[in-house]
Structures are given as structure tokens and as C-alpha cells.
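Colleague: I would like to go through the terms used for this model and see what each one rests on. Please set each value against its definition.

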Amino acid sequence: MIGLLTLRELGVLMTAIMVAGRSGSAFTAQIGSMKITEEIDALQTMGLNPVDTLVLPRVLALVICLPLLTIYANLTALAGDGVRLGLARYFAQCLPGRTAACRSP
């Protein structure tokens with residue numbers, strides 16, 4: 001059940017929130033500092049469109065990388081859930097009445 005929820009909703013949502021927070025703030029800070037140092041005005045003086053030069057490559061990179069990051073997040077979540085399930089089964093065998101099952105050979 002947790003795996004299905006992760007694949008349908010949580011993996012995508014958590015990845016999108018992290019990418020939006022980290023990348024959005026980084027892009028804004030970099031473009032803001034370029035505006036202060038008049039690099040954007042220099043691009044316009046050279047006849048280049050600042051949106052095509054600065055924004056478009058970043059958006060295309062996000063469009064390419066976000067599905068890959070979502071797949072990675074889903075696989076990592078499923079692996080973590082598998083480890084949790086394995087540990088839960090191991091410790092369920094080690095209840096006070098079942099100490100013989102906990103001994104390693």
C-alpha cells in the first residue's frame with residue numbers, strides 16, 4: 001500500500017517541491033545578481049534576448065531532469081520501505097517468547 005502511494009503521489013510531489021524550492025531560489029538569485037551587475041543590459045545591447053539566453057536553458061534542463069529525479073525518488077523510497085519491512089519482520093521474530101529465532105547461526 002505504501003509503495004502504491006509512493007509511486008502515484010508522494011514521490012512526484014516531494015520531488016517537485018524540492019526541485020521548485022532549490023532551483024527556483026537559485027535561478028532567481030543568479031538572475032537578480034546579473035540584473036544588479038548589468039549583465040542583462042549587456043545581453044540586450046548585444047542583441048540577445050535575455051529570456052532565450054538565461055531562462056530557456058534552465059527550464060529545458062528542468063523538463064528533462066524532473067522525470068529522472070522522480071524515478072530516482074520513487075526507487076529510493078521503495079528501497080527504504082523494503083529495508084523498513086525487513087527490519088520489522090526481523091524484530092517481530094525477536095519477541096520475548098521467540099528468542100531462538102533471533103540467534104545468528
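Modeller: Buried means under 20% relative accessible area, exposed means over 50%, and partly exposed lies in between, with a 1.4 Å probe and protein chains only. Buried residues make up 13% of the 105 residues in the protein. This is a predicted model, where local features need pLDDT of at least 70 and side-chain atom pairs count only at pLDDT 80 or more, while totals for chains, interfaces and linings use all residues. Residues are numbered from 1 along each chain as its sequence is written, and side-chain values use heavy atoms, leaving out hydrogens and water.

Colleague: What makes threonine 70 buried or exposed?

Modeller: Its relative accessibility is 13%, so threonine 70 counts as buried. Threonine 70 sits in helix α3. Setting aside neighbours within four places in sequence, threonine 70 is in contact (heavy atoms within 4.5 Å) with Gly11, Val12 and Thr15.

Colleague: And why is glutamate 38 called buried or exposed?

Modeller: Glutamate 38 has 53% relative accessibility, which is over 50%, and therefore counts as exposed. Glutamate 38 lies in the loop between α1 and α2 (39-45). Its phi is positive, about 65°, although glutamate 38 is not a glycine. Most residues other than glycine have a negative phi.

Colleague: Which side chains meet in a salt bridge, and at what N to O distance?

Modeller: Those of aspartate 81 and arginine 84, at 3.0 Å. A salt bridge needs a side-chain nitrogen of Lys or Arg within 4 Å of a carboxyl oxygen of Asp or Glu, so this pair qualifies. By this rule the count comes to one salt bridge. Side chains of opposite charge can pair when their charged atoms come close. Aspartate 81 and arginine 84 are three residues apart in helix α3, so about one helical turn separates them. Arginine 84, at 44% relative accessibility, counts as partly exposed.

Colleague: How many helices and strands are there in the protein?

Modeller: Three helices and zero strands. Helices (H or I, at least four residues) and strands (E, at least two) are DSSP runs, numbered from the N terminus. The pattern along the sequence is α-α-α.

Colleague: At what angle do α1 and α3 pack?

Modeller: Helix α1 (residues 2-36) and helix α3 (residues 50-93) pack at about 145°, with axes 8 Å apart. Axes are lines fitted to C-alpha atoms, for helices over the stretch in contact, and angles run from 0 to 180 degrees between N-to-C directions.
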